[in-house]
Structures are given as C-alpha cells and as structure tokens.
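My entries follow in the order I made them.

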Amino acid sequence: MNIAKIVITIDDGHDNVYTNALPIMEKYGLVGTACIITSSVGSTGKVTTNQLSEMQNKGWEIASHSVTHPLMTTLSEAEQRIELADSKTFLEQNGITVNTFAPPSRDWNDISSVYAEEEGYKAVRALDITSTPTEPYPISNKLYVRHGSTSINSAAHSPIDVFNWIETAISEGSLLTLLFHHIRDVSDNYSTSLSDFEAICAYLKKRSLDGEILVDTFYNSLNATLKKLENEPSERILLSDRNITI
Ligand SMILES: [Zn+2]
C-alpha cells in the first residue's frame, strides 16, 4: 500500500501566499507549491522575486503558472511555447528552480504536454475538476496530472470537506492535490480564511504524525516512492517527522 501524498498548491502569486500561507504552514512544518504568473511578479498585491527566493529556500516549490495566464489550448504552438519558456526563464534568472507547469484554468491537452516537456518541464498539474479529487499512485503521466481538488474557498468548503478528501486519499494510497488561490479573510469564491487554512494545516500535521500521509511539494510528491510501513510504528513516526520538520 502506498502512503497517501498530499500537496498544497496556491495559484496566481498573490502576496498573501507569502504573508499568510507561508507563516501558517511554517508553524505546522509544511511546505507547498506556489504557482506563479510571471508577468505580475512584483506588482501591487503580488509576490516579489525576493519572496519567491525565500520560499524556495524554506523548501517550497515555485511552479510556472504561465506568463500572462491565458487558456493554453486556445493558443498557437508558438504562443504556447512562449508562455512555457519565458515564464520558466524569468524564474530561473531569479534563482528559482522550475520543474512544474500549472496551466491556468486547468486548460490542457496532450499536445500541450509535448510542448511542456520540450520546453524543459518535468511535471504538469492540469487538474480536471469534473473527476475525483484523488489521482491514483504511482502517477501514469507526470506531464498531465489530471486529478485534484476544486479551488478551495471558505464560501463553498468547510475544513471537514478537505479532511474527508484527505481520508479518501489515505484509504486509496493516492495523491491529493489541494488547490487554493487567496489565503485571506475575504468572502469570495477564491479565498480561504486564515482559520480554515490553519485548521487544514493542523489536520495535515496530525495525519503526518500518525504516519498516514506525506505532505510535500507537487514535484517531490510525484517522485516519492515511499510505501506505508504497516508493522513498524516507531519508524513511521520518524518517517513523518522527517517530512514535516524541514
Ligand atoms: Zn490561475
């Protein structure tokens, strides 16, 4: 049985990924993946390159979420390649390692996967929210990971909804990619309150300490090969400790 892998991804590079999500996740020893629209880095209300460097140094993954946030499959091949390549280059020129592309609005297809691979990506988070939130593990196509949560927001989801997805992933030994946008106390379809986000982080830490899940970045989780240790509880605790105290 695989141990369930849980990933926190936060899209669009709003400044509250740094000011709100990062400190809450640090409190619980968690790291995540920030998906960044590179044309907006440094503008009002958005993260800066220095903040991205700090997050990377703390164990976060910084993923490309394109240059201009288009629907990728509506673009020509040349336009798609510019979105893929220029966003990656911008981040790399600022000292960021980029393995993952996260297509805006989950708009993706098999041809786009080919372009992404040729432009140097090793993974694509292309969530199809019409299907189950969990992805069977091991991953069949790292350049087209289809399954994950809808955009979590406090107007539509309680922390218990997320806990239930986590328990499903545990029962399946699967991958669960959680998608957030804003972590802030604003009521709209893209915002998760600080208290709800902290409740989710606390649950993730608890289930990590139980030895039931690994919480890591998207790219690391695709490549993790650890199996659940059924008969060695002391090792299970050490294993999860190692993964939450980075
Ligand atoms: Zn987006």
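Burial first: I call a residue buried if 20 or more other C-beta atoms lie within 10 Å of its own, exposed if 12 or fewer, and partly exposed in between, with C-beta atoms placed from the backbone. I am working on a predicted model, where local features need pLDDT of at least 70, side-chain atom pairs count only at pLDDT 80 or more, and totals for chains, interfaces and linings use all residues. I number residues from 1 along each chain as its sequence is written.

Entry 1, threonine 132. I found threonine 132 in the loop between strand S5 (123-124) and strand S6 (134-135). Helices (H or I, at least four residues) and strands (E, at least two) are DSSP runs, numbered from the N terminus.

Entry 2, asparagine 2. This residue is in the segment before strand S1 (4-11). Asparagine 2 is partly exposed because 18 other C-beta atoms lie within 10 Å. Leaving out residues up to four places away in sequence, asparagine 2 touches Tyr137, Gly173, Lys227 and Lys228; contact is taken as C-beta atoms, placed from the backbone, within 7 Å. From asparagine 2 to glutamate 79, 77 residues apart along the chain, the C-alpha separation is 39 Å.

Two packed helices are described by the angle between their axes and the distance between the axes. My axes are lines fitted to C-alpha atoms, for helices over the stretch in contact, and angles run from 0 to 180 degrees between N-to-C directions. The axes of H1 (residues 16-27) and H6 (residues 194-209) come within 10 Å and cross at roughly 30 degrees. H1 and H6 are therefore roughly parallel; under 35 degrees counts as roughly parallel, over 145 as roughly antiparallel, 65 to 115 as roughly perpendicular and the rest as oblique. H1 contributes Asn20, Ala21, Ile24 and Met25 to the contact, and H6 contributes Leu194, Phe197, Glu198 and Cys201. I sorted these residues into 6 nonpolar, 1 polar and 1 charged. Ala, Val, Leu, Ile, Met, Phe, Trp, Tyr, Cys and Pro count as nonpolar, Asp, Glu, Lys and Arg as charged, and the others, Gly among them, as polar.

The axes of H5 (residues 159-172) and H6 come within 9 Å and cross at roughly 25 degrees, so H5 and H6 are roughly parallel to each other. The crossing is right-handed. Pro159, Val162, Phe163 and Ile166 of H5 meet Asp196, Ala199, Ile200, Tyr203 and Arg207 of H6. I count 7 nonpolar, no polar and 2 charged residues in this contact.

The mean pLDDT (the predictor's confidence in each residue, from 0 to 100) is 92, and 92% of the residues reach 70 or more. Residues 234-246 have pLDDT below 50, yet this stretch has 22 contacts in the model beyond near neighbours in sequence. Where pLDDT is low, the predicted coordinates should not be read in detail.

Conventions
Left-handed = near helix turned anticlockwise from the far one by under 90°.
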